[in-house]
Amino acid sequence: PEARAKFGTMASELVACSLCEASYPASQLFNSESLAGVVSAACEHTTCATCLRAHIQASLPECERRWQTLRVPCPHPGCRKVLSQRLVYEVLPSVKDFGNHVMKQNDPNKPYEFFFLHSCPSCDSPSQQLLANCVCHHYACANCWEKQAHRKLKDMETKGVACLACVDPGCGVRVDTEPLVDKMSEAKHPNFIRCAALAAEAKKALERWEEEDLASRSNLMDYGPVCGICNDYSLVLLKNGSSSTNSNGLAEEQRSACQKCWVKWVEAQFERRPDVKSKSFLRSFAADADAAAATSTSPSASGISEVLWYEICLASEKAARYERLWKWRERLQSNQLFPPTMQVDCPKPDCVGLGYLGFDTVMCFVCEHRWNAEDCKALSADTKEEQIMGLGVKRCPRCQEYIEKNGGCDHMTCRCGHHFSWTTLKNYH
(Lines give C-alpha, C1' and ligand atoms only; values in the text may rest on other atoms or scores of the structure.)
Protein backbone atom coordinates (compact mmCIF):
# COMPACT_ATOMS: atom_id res chain seq x y z
CA PRO A 1 0.00 0.00 0.00
CA GLU A 2 1.03 3.60 -0.59
CA ALA A 3 0.83 4.46 3.10
CA ARG A 4 3.50 1.98 4.08
CA ALA A 5 6.82 3.45 5.16
CA LYS A 6 9.25 4.19 2.36
CA PHE A 7 12.73 3.26 3.49
CA GLY A 8 15.77 3.18 1.31
CA THR A 9 16.20 -0.48 2.11
CA MET A 10 14.57 -3.69 1.10
CA ALA A 11 10.95 -4.10 2.17
CA SER A 12 11.80 -7.27 4.07
CA GLU A 13 14.35 -5.58 6.33
CA LEU A 14 13.26 -5.37 9.99
CA VAL A 15 12.54 -1.88 11.31
CA ALA A 16 11.41 -0.90 14.82
CA CYS A 17 8.04 0.72 15.46
CA SER A 18 8.47 4.21 16.96
CA LEU A 19 5.92 3.43 19.73
CA CYS A 20 6.21 -0.18 20.82
CA GLU A 21 9.78 -0.62 19.48
CA ALA A 22 8.83 -4.04 18.11
CA SER A 23 10.58 -5.04 14.89
CA TYR A 24 8.54 -5.44 11.70
CA PRO A 25 9.38 -5.67 8.00
CA ALA A 26 9.56 -2.20 6.50
CA SER A 27 6.57 -2.93 4.28
CA GLN A 28 4.33 -3.46 7.35
CA LEU A 29 4.95 -0.05 8.93
CA PHE A 30 2.78 3.00 8.19
CA ASN A 31 3.86 6.55 7.46
CA SER A 32 1.41 9.48 7.30
CA GLU A 33 3.52 11.82 5.17
CA SER A 34 3.35 9.54 2.15
CA LEU A 35 -0.44 10.07 1.92
CA ALA A 36 -0.71 13.64 3.21
CA GLY A 37 -0.99 15.12 -0.27
CA VAL A 38 0.54 18.27 -1.68
CA VAL A 39 -1.41 20.83 0.36
CA SER A 40 -1.39 19.32 3.83
CA ALA A 41 1.72 18.22 5.69
CA ALA A 42 2.02 15.30 8.10
CA CYS A 43 4.81 13.82 10.15
CA GLU A 44 7.14 11.04 9.13
CA HIS A 45 6.82 8.90 12.25
CA THR A 46 6.55 5.22 11.38
CA THR A 47 4.17 3.07 13.38
CA CYS A 48 2.92 -0.51 13.24
CA ALA A 49 -0.72 -1.34 12.47
CA THR A 50 -1.45 -2.58 16.02
CA CYS A 51 -0.40 0.68 17.67
CA LEU A 52 -2.15 2.82 15.06
CA ARG A 53 -5.39 0.87 15.32
CA ALA A 54 -5.52 1.15 19.11
CA HIS A 55 -4.67 4.86 18.96
CA ILE A 56 -7.34 5.64 16.35
CA GLN A 57 -10.02 3.80 18.32
CA ALA A 58 -9.08 5.69 21.49
CA SER A 59 -9.15 9.08 19.66
CA LEU A 60 -12.60 8.80 18.02
CA PRO A 61 -14.69 10.06 20.98
CA GLU A 62 -12.49 13.15 21.25
CA CYS A 63 -12.77 13.75 17.51
CA GLU A 64 -16.57 13.65 17.69
CA ARG A 65 -16.80 15.79 20.84
CA ARG A 66 -14.18 18.43 20.18
CA TRP A 67 -13.61 18.89 16.47
CA GLN A 68 -16.71 17.36 14.83
CA THR A 69 -14.39 15.87 12.23
CA LEU A 70 -12.05 12.94 11.78
CA ARG A 71 -8.97 14.65 13.15
CA VAL A 72 -6.70 12.01 14.70
CA PRO A 73 -3.45 13.35 16.22
CA CYS A 74 -0.17 11.58 15.71
CA PRO A 75 0.39 8.99 18.47
CA HIS A 76 4.06 9.83 18.82
CA PRO A 77 4.72 11.77 22.10
CA GLY A 78 5.41 15.45 21.48
CA CYS A 79 4.23 15.45 17.86
CA ARG A 80 1.61 18.07 16.94
CA LYS A 81 0.80 16.79 13.45
CA VAL A 82 -2.43 15.03 12.46
CA LEU A 83 -2.68 11.66 10.75
CA SER A 84 -3.75 11.65 7.13
CA GLN A 85 -7.38 10.56 6.72
CA ARG A 86 -6.33 8.24 3.91
CA LEU A 87 -3.97 6.57 6.35
CA VAL A 88 -6.71 6.31 8.99
CA TYR A 89 -9.10 4.71 6.48
CA GLU A 90 -6.48 2.19 5.41
CA VAL A 91 -5.57 1.13 8.93
CA LEU A 92 -9.21 0.98 10.11
CA PRO A 93 -11.65 0.84 7.17
CA SER A 94 -14.72 0.75 9.43
CA VAL A 95 -13.95 4.27 10.60
CA LYS A 96 -15.31 5.69 7.31
CA ASP A 97 -18.85 5.54 8.70
CA PHE A 98 -17.77 7.60 11.66
CA GLY A 99 -16.04 10.19 9.46
CA ASN A 100 -19.07 10.58 7.20
CA HIS A 101 -21.34 10.98 10.24
CA VAL A 102 -19.43 13.68 12.09
CA MET A 103 -18.86 15.71 8.93
CA LYS A 104 -22.58 15.65 8.02
CA GLN A 105 -23.83 16.32 11.53
CA ASN A 106 -25.17 19.90 11.66
CA ASP A 107 -27.07 19.92 14.96
CA PRO A 108 -24.54 20.03 17.86
CA ASN A 109 -27.29 19.25 20.40
CA LYS A 110 -28.35 16.08 18.66
CA PRO A 111 -27.03 13.06 20.56
CA TYR A 112 -24.71 10.86 18.58
CA GLU A 113 -25.25 7.12 18.81
CA PHE A 114 -21.71 5.84 18.61
CA PHE A 115 -21.31 2.82 16.38
CA PHE A 116 -19.37 -0.11 17.87
CA LEU A 117 -16.11 -0.75 16.11
CA HIS A 118 -15.09 -4.02 17.71
CA SER A 119 -16.07 -6.21 20.59
CA CYS A 120 -13.91 -6.21 23.71
CA PRO A 121 -11.41 -9.13 23.65
CA SER A 122 -12.00 -9.76 27.37
CA CYS A 123 -15.79 -9.62 27.74
CA ASP A 124 -16.90 -9.88 24.07
CA SER A 125 -19.28 -6.97 24.58
CA PRO A 126 -19.43 -4.05 22.12
CA SER A 127 -17.63 -0.98 23.32
CA GLN A 128 -17.30 2.61 22.22
CA GLN A 129 -13.65 2.73 23.20
CA LEU A 130 -10.96 0.08 23.66
CA LEU A 131 -8.04 1.08 25.85
CA ALA A 132 -4.62 -0.44 25.20
CA ASN A 133 -1.79 -1.09 27.65
CA CYS A 134 1.23 0.55 26.04
CA VAL A 135 3.58 -2.01 27.60
CA CYS A 136 2.12 -5.19 26.02
CA HIS A 137 -0.48 -3.60 23.66
CA HIS A 138 -3.33 -5.76 24.92
CA TYR A 139 -6.54 -3.75 24.89
CA ALA A 140 -9.95 -4.00 26.53
CA CYS A 141 -12.94 -1.84 27.32
CA ALA A 142 -12.97 0.54 30.28
CA ASN A 143 -15.31 -1.74 32.25
CA CYS A 144 -12.87 -4.66 31.98
CA TRP A 145 -10.00 -2.47 33.19
CA GLU A 146 -12.22 -1.36 36.09
CA LYS A 147 -13.01 -4.99 37.00
CA GLN A 148 -9.32 -5.88 36.88
CA ALA A 149 -8.55 -2.97 39.20
CA HIS A 150 -11.33 -4.04 41.57
CA ARG A 151 -9.77 -7.52 41.84
CA LYS A 152 -6.27 -6.19 42.51
CA LEU A 153 -7.02 -3.12 44.63
CA LYS A 154 -7.01 -4.95 47.98
CA ASP A 155 -3.67 -6.61 47.17
CA MET A 156 -2.17 -3.23 46.30
CA GLU A 157 -3.44 -1.71 49.54
CA THR A 158 -2.58 -4.53 51.97
CA LYS A 159 -0.26 -7.05 50.28
CA GLY A 160 2.48 -4.79 48.97
CA VAL A 161 1.66 -5.24 45.26
CA ALA A 162 3.20 -2.27 43.47
CA CYS A 163 1.42 -2.23 40.11
CA LEU A 164 -1.64 -3.46 38.22
CA ALA A 165 -1.39 -6.60 36.06
CA CYS A 166 -2.57 -6.76 32.46
CA VAL A 167 -6.21 -7.65 31.86
CA ASP A 168 -5.16 -10.53 29.60
CA PRO A 169 -4.88 -13.64 31.86
CA GLY A 170 -1.96 -15.09 29.90
CA CYS A 171 0.05 -11.90 29.66
CA GLY A 172 1.63 -11.33 33.09
CA VAL A 173 2.93 -7.86 32.19
CA ARG A 174 2.46 -4.77 34.30
CA VAL A 175 0.06 -2.02 33.23
CA ASP A 176 1.25 1.50 32.58
CA THR A 177 -1.74 3.18 34.20
CA GLU A 178 -0.70 6.77 33.63
CA PRO A 179 -1.85 7.04 29.97
CA LEU A 180 -5.13 5.25 30.77
CA VAL A 181 -6.13 7.48 33.69
CA ASP A 182 -6.90 10.40 31.35
CA LYS A 183 -9.49 8.26 29.57
CA MET A 184 -11.20 7.13 32.79
CA SER A 185 -13.68 8.99 34.98
CA GLU A 186 -13.46 8.88 38.77
CA ALA A 187 -17.24 8.45 39.05
CA LYS A 188 -17.42 5.40 36.76
CA HIS A 189 -13.99 3.87 37.39
CA PRO A 190 -13.01 4.62 41.03
CA ASN A 191 -11.06 1.39 41.52
CA PHE A 192 -8.85 1.98 38.48
CA ILE A 193 -8.19 5.59 39.52
CA ARG A 194 -7.22 4.38 43.00
CA CYS A 195 -4.93 1.65 41.62
CA ALA A 196 -3.28 4.18 39.32
CA ALA A 197 -2.64 6.51 42.25
CA LEU A 198 -1.14 3.68 44.34
CA ALA A 199 1.05 2.57 41.44
CA ALA A 200 2.33 6.12 40.90
CA GLU A 201 3.15 6.50 44.61
CA ALA A 202 4.90 3.12 44.71
CA LYS A 203 6.93 3.93 41.59
CA LYS A 204 8.07 7.25 43.00
CA ALA A 205 8.97 5.76 46.38
CA LEU A 206 10.83 2.78 44.91
CA GLU A 207 12.92 5.02 42.67
CA ARG A 208 13.88 7.15 45.67
CA TRP A 209 14.67 4.18 47.91
CA GLU A 210 16.79 2.47 45.27
CA GLU A 211 18.72 5.67 44.68
CA GLU A 212 19.36 6.04 48.42
CA ASP A 213 20.28 2.32 48.74
CA LEU A 214 17.56 1.79 51.34
CA ALA A 215 15.72 -1.00 49.53
CA SER A 216 15.17 -2.56 46.12
CA ARG A 217 12.59 -4.78 44.51
CA SER A 218 12.38 -6.64 41.19
CA ASN A 219 8.92 -8.16 40.63
CA LEU A 220 6.32 -5.49 41.31
CA MET A 221 3.24 -7.65 40.67
CA ASP A 222 3.95 -10.23 43.40
CA TYR A 223 3.20 -9.82 47.08
CA GLY A 224 5.68 -7.63 48.91
CA PRO A 225 8.08 -8.86 51.62
CA VAL A 226 6.82 -9.62 55.12
CA CYS A 227 8.08 -7.33 57.88
CA GLY A 228 9.77 -9.22 60.71
CA ILE A 229 8.41 -6.77 63.30
CA CYS A 230 4.70 -6.48 62.52
CA ASN A 231 4.44 -9.63 60.34
CA ASP A 232 2.50 -7.72 57.67
CA TYR A 233 3.13 -7.39 53.94
CA SER A 234 4.94 -4.25 52.88
CA LEU A 235 6.01 -2.58 49.66
CA VAL A 236 9.67 -2.98 50.68
CA LEU A 237 11.68 -3.40 53.89
CA LEU A 238 13.84 -0.38 54.66
CA LYS A 239 17.30 -1.07 56.04
CA ASN A 240 19.14 1.19 58.43
CA GLY A 241 22.29 1.95 56.45
CA SER A 242 24.48 -0.45 54.51
CA SER A 243 25.93 -3.77 55.66
CA SER A 244 28.57 -3.72 58.39
CA THR A 245 31.38 -6.05 59.44
CA ASN A 246 31.42 -7.87 62.75
CA SER A 247 34.39 -8.83 64.92
CA ASN A 248 34.94 -12.02 62.88
CA GLY A 249 35.27 -10.08 59.63
CA LEU A 250 31.94 -11.37 58.27
CA ALA A 251 29.42 -9.11 56.57
CA GLU A 252 26.37 -8.57 58.66
CA GLU A 253 23.19 -6.85 57.44
CA GLN A 254 21.35 -4.22 59.45
CA ARG A 255 17.85 -5.08 60.65
CA SER A 256 15.21 -4.23 58.03
CA ALA A 257 11.60 -3.32 58.70
CA CYS A 258 8.66 -1.68 56.98
CA GLN A 259 8.26 2.07 57.03
CA LYS A 260 5.33 1.93 59.47
CA CYS A 261 7.39 0.02 62.06
CA TRP A 262 10.29 2.46 61.77
CA VAL A 263 7.88 5.35 62.33
CA LYS A 264 6.24 3.70 65.36
CA TRP A 265 9.64 2.87 66.85
CA VAL A 266 10.90 6.45 66.57
CA GLU A 267 7.66 7.98 67.85
CA ALA A 268 7.77 5.63 70.85
CA GLN A 269 11.23 6.97 71.68
CA PHE A 270 9.91 10.53 71.51
CA GLU A 271 7.15 9.64 73.96
CA ARG A 272 9.73 8.09 76.27
CA ARG A 273 12.18 10.99 75.96
CA PRO A 274 10.30 14.11 74.79
CA ASP A 275 13.33 16.32 75.54
CA VAL A 276 15.81 14.45 73.31
CA LYS A 277 18.23 17.05 71.98
CA SER A 278 19.49 15.41 68.79
CA LYS A 279 18.80 12.63 66.29
CA SER A 280 22.05 11.00 67.38
CA PHE A 281 20.37 9.87 70.61
CA LEU A 282 17.69 7.88 68.75
CA ARG A 283 18.37 4.15 68.77
CA SER A 284 17.80 1.59 66.07
CA PHE A 285 16.13 -1.72 66.85
CA ALA A 286 18.87 -3.65 65.08
CA ALA A 287 19.79 -6.94 66.72
CA ASP A 288 23.27 -5.69 67.57
CA ALA A 289 22.22 -2.18 68.69
CA ASP A 290 22.93 -2.70 72.40
CA ALA A 291 26.28 -4.30 71.73
CA ALA A 292 27.30 -1.44 69.46
CA ALA A 293 26.23 1.14 71.99
CA ALA A 294 28.13 -0.58 74.80
CA THR A 295 31.42 -0.53 72.88
CA SER A 296 31.26 3.10 71.79
CA THR A 297 30.87 6.45 73.55
CA SER A 298 29.22 8.01 70.52
CA PRO A 299 25.45 8.31 70.87
CA SER A 300 25.02 7.44 67.15
CA ALA A 301 26.79 4.06 67.35
CA SER A 302 23.44 2.32 67.11
CA GLY A 303 21.51 5.28 65.74
CA ILE A 304 19.45 5.85 62.62
CA SER A 305 21.10 6.70 59.32
CA GLU A 306 20.48 10.02 57.59
CA VAL A 307 18.65 8.53 54.59
CA LEU A 308 16.36 6.45 56.79
CA TRP A 309 15.68 9.42 59.05
CA TYR A 310 14.64 11.44 55.96
CA GLU A 311 12.08 8.76 55.04
CA ILE A 312 10.77 8.65 58.61
CA CYS A 313 10.27 12.43 58.57
CA LEU A 314 8.27 12.14 55.34
CA ALA A 315 5.89 9.66 56.97
CA SER A 316 5.73 11.07 60.52
CA GLU A 317 4.62 14.58 61.41
CA LYS A 318 6.08 14.16 64.91
CA ALA A 319 9.51 13.25 63.54
CA ALA A 320 9.37 16.15 61.09
CA ARG A 321 8.51 18.49 63.97
CA TYR A 322 11.51 17.32 66.01
CA GLU A 323 13.73 17.74 62.94
CA ARG A 324 12.64 21.38 62.65
CA LEU A 325 13.22 21.95 66.37
CA TRP A 326 16.70 20.39 66.23
CA LYS A 327 17.70 22.62 63.33
CA TRP A 328 16.43 25.57 65.31
CA ARG A 329 18.55 24.44 68.28
CA GLU A 330 21.62 24.08 66.05
CA ARG A 331 21.22 27.67 64.87
CA LEU A 332 20.98 28.85 68.47
CA GLN A 333 24.10 26.87 69.42
CA SER A 334 26.07 28.34 66.52
CA ASN A 335 25.57 31.94 67.74
CA GLN A 336 29.10 33.33 68.06
CA LEU A 337 27.97 36.07 70.45
CA PHE A 338 27.03 33.44 73.04
CA PRO A 339 29.62 30.62 73.26
CA PRO A 340 28.69 27.20 74.70
CA THR A 341 29.64 28.34 78.19
CA MET A 342 26.84 30.93 78.00
CA GLN A 343 24.21 28.49 76.80
CA VAL A 344 21.88 26.55 79.06
CA ASP A 345 19.19 23.98 78.22
CA CYS A 346 15.55 24.74 78.88
CA PRO A 347 14.43 23.08 82.16
CA LYS A 348 11.01 22.14 80.80
CA PRO A 349 10.87 18.35 80.44
CA ASP A 350 9.29 18.39 76.96
CA CYS A 351 11.40 21.11 75.35
CA VAL A 352 14.59 20.78 73.29
CA GLY A 353 15.40 24.49 73.29
CA LEU A 354 18.01 26.55 75.13
CA GLY A 355 18.60 30.04 76.46
CA TYR A 356 21.53 32.43 76.86
CA LEU A 357 23.04 33.53 80.18
CA GLY A 358 23.96 37.13 80.92
CA PHE A 359 20.72 38.51 82.33
CA ASP A 360 18.76 38.08 85.55
CA THR A 361 16.15 36.03 83.67
CA VAL A 362 16.85 33.39 81.04
CA MET A 363 14.34 32.72 78.28
CA CYS A 364 14.15 29.64 76.09
CA PHE A 365 14.11 30.68 72.44
CA VAL A 366 11.95 27.70 71.46
CA CYS A 367 9.11 27.57 74.00
CA GLU A 368 9.70 31.06 75.53
CA HIS A 369 9.79 29.62 79.06
CA ARG A 370 11.51 31.95 81.56
CA TRP A 371 13.46 31.05 84.68
CA ASN A 372 15.87 32.66 87.16
CA ALA A 373 19.49 32.83 86.03
CA GLU A 374 20.64 32.04 89.60
CA ASP A 375 19.38 28.48 89.11
CA CYS A 376 21.86 28.02 86.27
CA LYS A 377 25.03 29.16 88.04
CA ALA A 378 25.60 25.80 89.65
CA LEU A 379 25.44 23.99 86.32
CA SER A 380 28.71 22.30 85.38
CA ALA A 381 29.96 19.34 83.40
CA ASP A 382 28.83 17.08 86.25
CA THR A 383 25.19 17.98 85.53
CA LYS A 384 25.32 16.87 81.89
CA GLU A 385 23.86 13.55 80.81
CA GLU A 386 26.11 10.56 80.28
CA GLN A 387 25.51 7.92 77.62
CA ILE A 388 25.38 4.39 79.03
CA MET A 389 24.16 1.60 76.71
CA GLY A 390 22.59 4.24 74.51
CA LEU A 391 20.61 5.80 77.40
CA GLY A 392 20.95 9.35 78.76
CA VAL A 393 21.61 8.99 82.52
CA LYS A 394 22.88 11.02 85.48
CA ARG A 395 24.22 10.06 88.93
CA CYS A 396 22.21 10.64 92.06
CA PRO A 397 24.00 13.40 94.07
CA ARG A 398 23.69 11.33 97.28
CA CYS A 399 24.29 7.64 96.40
CA GLN A 400 25.91 8.12 92.96
CA GLU A 401 23.67 5.50 91.32
CA TYR A 402 22.81 5.97 87.67
CA ILE A 403 19.28 7.25 87.04
CA GLU A 404 17.47 7.51 83.72
CA LYS A 405 14.76 10.14 83.18
CA ASN A 406 12.02 8.71 80.96
CA GLY A 407 9.47 11.54 81.23
CA GLY A 408 7.64 13.77 83.64
CA CYS A 409 8.77 16.97 85.35
CA ASP A 410 12.20 18.03 86.58
CA HIS A 411 11.63 16.61 90.09
CA MET A 412 13.51 13.32 90.55
CA THR A 413 13.28 10.84 93.44
CA CYS A 414 16.06 8.28 93.82
CA ARG A 415 15.60 4.85 95.40
CA CYS A 416 17.72 6.09 98.29
CA GLY A 417 15.00 8.67 99.02
CA HIS A 418 16.91 11.73 97.84
CA HIS A 419 14.89 14.43 96.03
CA PHE A 420 16.75 16.56 93.48
CA SER A 421 16.31 18.58 90.29
CA TRP A 422 17.27 16.72 87.11
CA THR A 423 18.58 19.87 85.38
CA THR A 424 20.77 21.27 88.18
CA LEU A 425 21.21 18.19 90.45
CA LYS A 426 20.40 20.50 93.37
CA ASN A 427 18.18 19.49 96.27
CA TYR A 428 14.53 19.79 95.31
CA HIS A 429 12.46 21.97 97.64
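Which residues of α4 are buried? The points below take up this helix and then turn to cysteines, a histidine and salt bridges.

1. This is a predicted model, in which local features need pLDDT of at least 70 and side-chain atom pairs count only at pLDDT 80 or more, while totals for chains, interfaces and linings use all residues. Residues are numbered from 1 along each chain as its sequence is written, and side-chain values use heavy atoms, with hydrogens and water left out.

2. The buried residues of helix α4 are Ala 142, Cys 144, Trp 145, Glu 146, Gln 148, Ala 149, Leu 153, Asp 155 and Met 156, where buried means under 20% relative accessible area, exposed means over 50%, and partly exposed lies in between (1.4 Å probe, protein chains only). These buried residues pack against β5 (130-132), β6 (139-141), α5 (177-181) and α6 (190-211); helices (H or I, at least four residues) and strands (E, at least two) are DSSP runs, numbered from the N terminus.

3. Helix α4 covers residues 142-158, 17 residues in all, and it reaches 25 Å from its first C-alpha to its last, close to the 24 Å expected at 1.5 Å a residue; the expected span is 1.5 Å times one less than the number of residues. A kink of about 40 degrees is centred on Lys 152 in α4, the bend at a residue being the angle between axes fitted to the seven residues ending there and the seven starting there. After α4 comes Gly 160, which has a positive phi near 80 degrees.

4. The structure holds zero disulfides, a disulfide being a pair of cysteine sulfur atoms within 2.5 Å. Cys 144 is in no disulfide, and the nearest cysteine sulfur, that of Cys 141, is 3.5 Å away; Cys 144 counts as buried at 7% relative accessibility. For Cys 367, the closest cysteine sulfur is in Cys 351, at 3.6 Å, which is too far for a bond, and Cys 367 is partly exposed, with a relative accessible area of 31%.

5. His 418 sits in the loop between β18 (411-413) and β19 (419-421), and it is buried, with a relative accessible area of 9%. Its side chain joins that of Asn 427 in a polar contact of 3.2 Å, that is, a pair of N or O atoms within 3.5 Å; within protein, one must be able to donate a hydrogen and the other to accept it, and residues adjacent in sequence count only if both atoms are side-chain atoms. Leaving aside neighbours within four places in sequence, His 418 is in contact with residues including Cys 396, Pro 397 and Met 412, contact meaning heavy atoms within 4.5 Å.

6. The count of salt bridges comes to nine, each being a side-chain nitrogen of Lys or Arg within 4 Å of a carboxyl oxygen of Asp or Glu. One of them is between Arg 194 and Glu 157, with the closest N and O atoms 3.4 Å apart. This pair links distant parts of the chain, with Arg 194 in helix α6 and Glu 157 in helix α4, 37 residues apart.

7. Lys 279 and Glu 306 also meet in a salt bridge (3.6 Å, N to O). Lys 279 lies in the loop between α7 (259-272) and α8 (289-294) and Glu 306 in helix α9 (residues 306-315), so the pair ties together parts that are 27 residues apart in sequence. Lys 279 counts as buried at 15% relative accessibility, whereas Glu 306 counts as exposed at 56%.
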